Amino acid sequence: MTRLIRYQKLAVLFLLLLVPASGYAQRDPPVQQLELKSALLGRSINYRVLFPVNYYSADKEQKRFPVIYLLHGLTGESANWIDKTRIALYATHYDLFVVMVEGGNGWYTDSATVPADKYESYILQELIPDVEKRFRVSKERDGRAVAGLSMGGYGALKFGFKHPDLFAFVASMSGAFGAANWTDADLKNSESIKKSLLNIFGPMGSPTRADNDVFKLVRQVSADTVKSLPFVYLDCGTEDFLFQDNRALVGLLLEKKIPHEYRELPGKHDWQYWDRQIQEILKLTSQRLAPPR
C-alpha cells in the first residue's frame, strides 16, 4: 500500500512537470484542496478537485466541463481517491472535472439524531453550487454525474433516485445498498458500522430509514417516471461481502425495467478492486455526459 501511495504522489508530480504550457500546470495544480464554510453543517469542510488537462487550453478557456462528484466509503475521506488510486493519471484521458467529496461517516444522508450532520443537504445545496461558482463546470443535468464506492456507492445511487433532475449518470462500486435496512443481527460483528448507522438513520422503522432506503426508492419508480431517471451503472466483486445486496438491487432494476449496466468481476472489498474500476467509471462518465461546451 505504501508503494501505491508513493507511486500516486510521483504521478501527480509528473503531471505538474510535463503538462504543456497551455495546460493547468501554468495556473493551478492538477489536484487542489478547497475549504467551504457550510451553514448546514455549522463548520468548515474540505473537498478536493482534479482539473482536466485542457482546463486552461486556449480553445476551451470559455467552456464548461462535465463534472463527476466522487463519494468515498465509510471511515474514508476525499483524499483516498488520490492516495489509494491512480485517478490523477487515469483522468488525463478525459475532459472531466473531478470533485472528491468529504462525507465523514454520514452515509450522504441528513442524520436522524444529529441535527448538524446534514450531509445530503450539504452536498446538494452548498457543495455543488460552490463548485459551479468557483469553476467552469457544467450547471446542466446532462453534464453532471455522481459515483462512489461502498457507502459512497449507496449515496450515489440514492441521489440518482431521490434527485433524478440533478444527474444524468450515477455509478457505484461495491455499493452498500442495504444500509438503511441493516439490523443489529446483520451487524453483530461490526460495532463501528452499527454505531454509524444508528447515528445517521436512527432506530429501525424511523422515517429517515424509510426515506433513504434505496430498495424502497427503486420500488416506487413507476413506468411513467423511468425515463426521467439517470442512467445507472453498478459493479461488485464476486468475493465482496456486499455481493448479494448488489445482485438483489440489480434484480429490482430489471423488474422495474430501469436502464442500467451491471458488472460482476473477480475481486474483494478493497482498493485493488476500486483502483481498477475507477478507470471504468471515468470512461463511462465521459461517454454518458455532454462534452465541454
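Strand β3 (residues 67-71) runs parallel to β4, and the two pair over five bridges. Here, strands are DSSP E runs of at least two residues and helices are H or I runs of at least four, numbered from the N terminus; two strands count as paired if DSSP finds at least two bridges between them.

A word on the model: it is predicted, so local features need pLDDT of at least 70 and side-chain atom pairs count only at pLDDT 80 or more, while totals for chains, interfaces and linings use all residues. Residues are numbered from 1 along each chain as its sequence is written, and side-chain values use heavy atoms, with hydrogens and water left out.

**Around β4**

β4 also has a partner in strand β2 (residues 43-50), this time antiparallel, over three bridges. Here is one bridge from each pairing:

| Residue | Bridge partner in β4 |
|---|---|
| Val-67 | Phe-97 |
| Val-49 | Val-99 |

How many of the five residues of β4 (residues 97-101) are buried? Five of the five are, where buried means under 20% relative accessible area, exposed over 50%, and partly exposed in between (1.4 Å probe, protein chains only). In a regular strand, side chains alternate between the two faces of the sheet. In β4, one side holds Phe-97, Val-99 and Val-101, and the other holds Val-98 and Met-100.

**The cores**

A nonpolar core is a set of buried Ala, Val, Leu, Ile, Met, Phe, Trp, Tyr and Cys residues joined through side-chain atoms within 4.5 Å. The largest one has 61 residues, and those touching the most other members are Tyr-47, Phe-97, Val-99, Trp-107, Phe-135, Phe-161 and Trp-182. Helix α4 (residues 119-134) gives the most to this core, with seven residues. Apart from it lies another core, of 30 residues, including Leu-96 and Met-173. Leaving out residues up to four places away in sequence, Tyr-47 has contacts (heavy atoms within 4.5 Å) with Val-99, Met-100, Tyr-122 and Phe-135, among others.

**Helix α6**

In α6 (residues 191-201), the buried residues are Ile-193, Lys-194, Ser-196, Leu-197, Ile-200 and Phe-201. They lie on the same side of the helix because they cover an arc of only 165° around its axis, taken from the directions from the axis to the C-beta atoms. These buried residues pack against α5 (151-162) and α7 (207-211), whereas Glu-191, Ser-192 and Lys-195 are exposed on the face turned away from the buried side. After α6 comes Gly-202, with a positive phi near 80°.

**The whole chain**

The protein chain has ten helices and eight strands, and 56% of its 293 residues count as buried.
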